[in-house]
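Dear colleague,

Please find the structure below, handed over for your use.

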Amino acid sequence: MSNATHETAPTEFVQVGGVRFAYRRFGRPGDFPLLLLNHLAGTLDDWDPLVTKGLACEREVILFDNAGIGSSTGDTPPTVAAMTKDCVDFCRALDLVSFDVMGFSLGGMIAQQLAQDHPDMIRRIILLGTGPRGGEGMTFTELSADELDDPVALLMGAFFTPSEASQAAGPSVY
């Protein structure tokens, strides 16, 4: 595990009920691994290897695809609470007792729910580009599967509220 990197660590799988979760572990083993939770429709391959390699210099890093995402099987849960339950099931299957978590965007919402529901599992939490679960315009309930085929519409719906000012700011960014 210590010589592997984001690109060279083998993708492993763990079966939990009817879901086969895909994950990679690499970096320096220690007491508190760092679990990375990705953005909407983000897979374990979507993390920037420069970031994950930097993190892995000091600690073990675990990337995983939640149910229905990337190489994991099952149906993608419709709520943050259900995604969090799947994350907990995954962590328990790997015997992760206490760990740090870093959540990006939707992954940050899952991380917050995880810390609220299972504070005994989480030592530290890092939130990146996220908001509170249930925050105005940030619940992803407005997004459809069709928007996954249109990256601009997906980003506009995911990161910009429906307000006129927010929508006007979006096109200049994308």
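Leaving aside its neighbours within four places in sequence, with which residues is threonine 84 in contact? They are Ile110, Gln113 and Leu114, where contact means heavy atoms within 4.5 Å.

Please note that this is a predicted model, in which local features need pLDDT of at least 70 and side-chain atom pairs count only at pLDDT 80 or more, while totals for chains, interfaces and linings use all residues. Residues are numbered from 1 along each chain as its sequence is written, and side-chain values use heavy atoms, with hydrogens and water left out.

Threonine 84 lies in helix H2 (residues 80-93). Helices (H or I, at least four residues) and strands (E, at least two) are DSSP runs, numbered from the N terminus. Threonine 84 counts as buried because its relative accessibility is 1%; buried means under 20% relative accessible area, exposed over 50%, and partly exposed in between (1.4 Å probe, protein chains only).

Helix H3 (residues 106-117) has 12 residues and spans 17 Å from its first C-alpha to its last, close to the expected 16 Å. The expected span is 1.5 Å times one less than the number of residues. Among the buried residues of H3 are Leu106, Met109, Ile110 and Leu114. The buried residues of H3 pack against H2 and against strands E3 (34-37), E5 (99-104) and E6 (122-128).

H2 and H3 pack at an angle of about 70°, and their axes are 9 Å apart. H2 is therefore roughly perpendicular to H3, a term that covers angles of 65 to 115 degrees. Axes are lines fitted to C-alpha atoms, for helices over the stretch in contact, and angles run from 0 to 180 degrees between N-to-C directions. On the H2 side, the contact is made by Val80, Ala81, Met83, Thr84, Cys87 and Val88; on the H3 side, by Leu106, Met109, Ile110, Gln113 and Leu114.

The model also holds an open sheet of 6 strands with mixed pairing, in the order E1-E2-E4-E3-E5-E6. Its edge strands are E1 (12-16) and E6, each of which pairs on one side only; two strands pair if DSSP finds at least two bridges between them. E5 and E6 run parallel and are joined by 5 bridges. Phenylalanine 99 has isoleucine 122 in E6 as its bridge partner.

Yours sincerely

Note on methods: Angles under 35 degrees count as roughly parallel, over 145 as roughly antiparallel, 65 to 115 as roughly perpendicular and the rest as oblique.
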